[in-house]
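My entries follow the order in which I checked them.

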Amino acid sequence: QKSKSRTTSKSRAVMHKAFAYSMAYFLVWTPLIIIAFYGIFNTKLPVYAKYLASIFSPLQGLYNFMIYIHPKMMNAKKSRQDGERTSWFQAFLEALCSKGG
């Protein structure tokens, strides 16, 4: 029973991570696709599409990094032995400096 719940938990974590990567992808590429469609049909491009593309496209690496480091940050927050609360910044630094897992 324990093995099955652990497998289910890991499967759910993989599903959540895949969903997060997909959402980051769509967040970045949706404004660019809108711009492409407006270009194909030779219609006037809304200003908001340019702004959204200019903001979200360069941040794609940041979104992927945040998704990648999130489990490590959660482990760093949980791993305190002395019962003290770890700040998000401390957890971020621990996750950034960790060599794995």
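I am working with a predicted model, in which local features need pLDDT of at least 70 and side-chain atom pairs count only at pLDDT 80 or more, while totals for chains, interfaces and linings use all residues. Residues are numbered from 1 along each chain as its sequence is written, and side-chain values use heavy atoms, with hydrogens and water left out.

Helix pair. I took helices (H or I, at least four residues) as DSSP runs numbered from the N terminus. I looked up H3 (residues 60-78) against H4 (residues 88-97): the angle is about 110 degrees and the axes are 8 Å apart. The axes are lines fitted to C-alpha atoms over the stretch in contact, and angles run from 0 to 180 degrees between N-to-C directions. That makes H3 roughly perpendicular to H4 (the class covers 65 to 115 degrees).

I then listed the contacts (heavy atoms within 4.5 Å). From H3, the list includes Phe65, Ile69 and Met73; from H4, it includes Trp88, Phe92 and Leu96. By class, this contact has 10 nonpolar, no polar and three charged residues. Ala, Val, Leu, Ile, Met, Phe, Trp, Tyr, Cys and Pro count as nonpolar, Asp, Glu, Lys and Arg as charged, and the others, Gly among them, as polar.

Thr86. I found Thr86 in the loop between H3 and H4. Thr86 counts as buried because its relative accessibility is 4% (buried is under 20%, exposed over 50%, partly exposed in between, with a 1.4 Å probe and protein chains only). Leaving out residues up to four places away in sequence, Thr86 touches Ala76, Lys77, Arg80, Ala91 and Glu94.

Pocket. The largest pocket has a volume of about 320 Å³. Which helix gives the most to its lining? H3 does, with six residues, and helix H1 (2-40) also supplies at least two. Among the lining residues are His16, Lys17, His70, Met74 and Asn75. I count the lining by class as six nonpolar, three polar and two charged. For the record, a pocket is an open set of points on a 1 Å grid over the protein atoms alone, where a 1.4 Å probe fits, with protein on both sides within 12 Å along at least five of seven lines; lining residues have an atom within 4 Å of a point. The volume is the space filled by probe spheres set on the points, which are joined across faces, edges and corners.

Asn75. Asn75 is in H3 and counts as partly exposed, at 42% relative accessibility.

Asn42. Asn42 lies in the loop between H1 and helix H2 (47-56). Asn42 is not a glycine, although its phi is positive, about 50 degrees. Asn42 counts as exposed, at 70% relative accessibility.

How values were computed:
Angles under 35 degrees count as roughly parallel, over 145 as roughly antiparallel, 65 to 115 as roughly perpendicular and the rest as oblique.
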